[in-house]
Amino acid sequence: MNLRRILAICAIGLFALQAHGQQSGNNPNSLINIHVSQNLPTVNYHATGSTKVNFVGTPLLPRADGDAKIAAQGTSLRIQANFKGLVSPQTFGPEYLVYVLWAITPEGRATNLGQLDVKDGKSQMDVTTKLQTFGLMVTAEPYFAVSFPSEKVVLANSVRHNTKGTVAEVNANMALLQRGNYSAAHLPPFSMDPKVPLDLYQARNAVRIAKYEQAAQYAPAALAKAEADLRQAEDYQHRKQKKAVHTLARQAVESAEDARAIAVKHLQEQTIAQQQQAQQQQAQQAQLQAQQAQQQAAQAQEEAKLNAEKRALAQQKQALAEQQASAAQAAKQQAEAQAQSAQQAAAKAEAEKQQLRARLLQQFNQVLPTIDTPRGLQVNLGDVLFDTGKADLRTTARESLAKLSGIVLNYPTLQLAVEGYTDSTGSPEFNQTLSDKRAEAVRNYLVSQGLNPNSITAKGFGEASPVADNSTAAGRQQNRRVEIIVSGNVIGTKIGSPQP
């Protein structure tokens, strides 16, 4: 096996090891979080004529693969790439809408080569670059004009045994779009309409990401330009002027990326300035302390020259200072020990909350369908527990609610929010009234079972927030429901969520 083949296998192996290492200790149902911090094979294609490399899927998308032909074209290199096995980028998070091909230099600099147009899981790309030495990888991104790759690496180039050129490795350490920056709590997923161009979704995504990065404060002009382009694109979309939508949407993406980059740079400069100011203050304080120490030493020497009594007094002061320093050190150690103990106690308390939450989720599911959400444990009472068009609880509903109450009674600090929903059949006024009555009927029954009325609220939302398509009977039945949101400090946050 030659050197190029060994490097290719090692690089792909490092992707897998990184994925495995980050999966440990997380929710097994969560996505593997791939960081771009591993070796990637690069090739110096200078004077190679024409050659090929393969693409291998990372643990995020192991079934994806592809290849690329790299050939000299004047002073540039032409890259003709083919990919297959691609899935929707939103698989990796609601903020991801497109795939982008990157060229990574041996120094770790990333160049955006363009967006992949995916159809039926396949894509082709034909681009040129002035770079001569680089590695190639594909990432999921929120829009096409990003400046740095995200950590969602789905494909990386693999050197063939017959690839021409000098092979090296690059340690690409880039993490601009980290998962923590654009979590689902801030960026809810789009309901993708096939009639709406992907360019328009990218523009919407780019503008909301720029706002999240505080562009309104630090880059208002660029953000205003992006928002104006987006509004114009939305208007063109409404008027079905497709070509104009494409142009304005891409302009909005580029302006939003400019605004985001300006805001990020401003925040970085602000952070650096604050750090420098803190260092200057520390240096000034240290200098002042040194001057004070010198003055005290000079005074002690002068007193020592005057007479023995003053020398004895100086010695006593020195001994006292040492005692104070020792006492201060002991107090510091005691404070650190107390802080560590408090942290351990907090961690233990949070673990107990998670255990209780999991136990309640299991117990509730034995009574009624229950899921864990960021708002709390969501218990679902389907429409079959009520008479059609009425708010009277059926016997089966009362039995289930009685069992649920028996569980909740053991935890007096739990809070219950009863929420009623209907389908779109009937007038909005009738649906609102029916949802209010059903929610109130459930609350009244729970109170009758001994639950604290002050810990239970009830509210109807009518036909709002459907969970299924109202155009089908099955969908309407799912939308006719009452949900009970069980929350409280005693059960902490959603199971598997990162703790502050």
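Which two helices have axes that come within 10 Å and cross at roughly 160°? Keep that question open while the whole chain is on screen.

**The whole chain**

This is a predicted model, in which local features need pLDDT of at least 70, side-chain atom pairs count only at pLDDT 80 or more, and totals for chains, interfaces and linings use all residues. Residues are numbered from 1 along each chain as its sequence is written, and side-chain values use heavy atoms, with hydrogens and water left out.

Show the chain as a cartoon. Its secondary structure comes to nine helices and 15 strands; these are DSSP runs, helices being H or I of at least four residues and strands E of at least two, numbered from the N terminus. Of the 500 residues in the chain, 40% are buried. Buried means under 20% relative accessible area, exposed over 50%, and partly exposed in between, with a 1.4 Å probe and protein chains only. Among contacts (heavy atoms within 4.5 Å) between residues at least 6 apart in sequence, 70% join residues at least 24 apart.

**Stop 1: α6 and α7**

Select residues 308–365, helix α6, and residues 395–408, helix α7. This pair answers the opening question: the axes of α6 and α7 come within 10 Å and cross at roughly 160°. Axes are lines fitted to C-alpha atoms, for helices over the stretch in contact, and angles run from 0 to 180 degrees between N-to-C directions. α6 and α7 are therefore roughly antiparallel to each other. Angles over 145 degrees count as roughly antiparallel, under 35 as roughly parallel, 65 to 115 as roughly perpendicular and the rest as oblique.

Show side chains for Leu360, Gln363 and Phe364 in α6, which meet Leu404, Ile407 and Val408 in α7. By class, this contact of α6 with α7 has five nonpolar, one polar and no charged residues. Here Ala, Val, Leu, Ile, Met, Phe, Trp, Tyr, Cys and Pro count as nonpolar, Asp, Glu, Lys and Arg as charged, and the others, Gly among them, as polar.

**Stop 2: α2 and α5**

Next select α2 (198–212) and α5 (242–306). α2 and α5 pack at an angle of about 20°, with axes 8 Å apart. That makes α2 roughly parallel to α5. α2 passes α5 in a left-handed crossing. Residues of α2 in the contact include Leu200, Ala203 and Ala206, and those of α5 include Ala249, Val253 and Ala256. The residues of this contact of α2 with α5 divide into ten nonpolar, two polar and three charged.

**Stop 3: the cores**

Select Trp102, Tyr143, Ala215 and Val253, which have the most contacts inside the largest nonpolar core, a core of 42 residues. A nonpolar core is a set of buried Ala, Val, Leu, Ile, Met, Phe, Trp, Tyr and Cys residues joined through side-chain atoms within 4.5 Å. The largest share of this core, nine residues, comes from α5. Apart from this core lies another, of 32 residues, among them Val43, Phe55, Ala68 and Met125.

**Stop 4: two loop residues**

Finally, select lysine 240, in the loop between α4 and α5. Lysine 240 has a positive phi of about 60° although it is not a glycine. At 71% relative accessibility, lysine 240 counts as exposed.

Then select serine 465, in the loop between β14 and α9. Phi of serine 465 is near 55°, also positive in a residue other than glycine. Serine 465 is partly exposed, with a relative accessible area of 47%.

Terms used
A crossing is left-handed if the near helix is turned anticlockwise from the far one by less than a right angle, and right-handed if clockwise.
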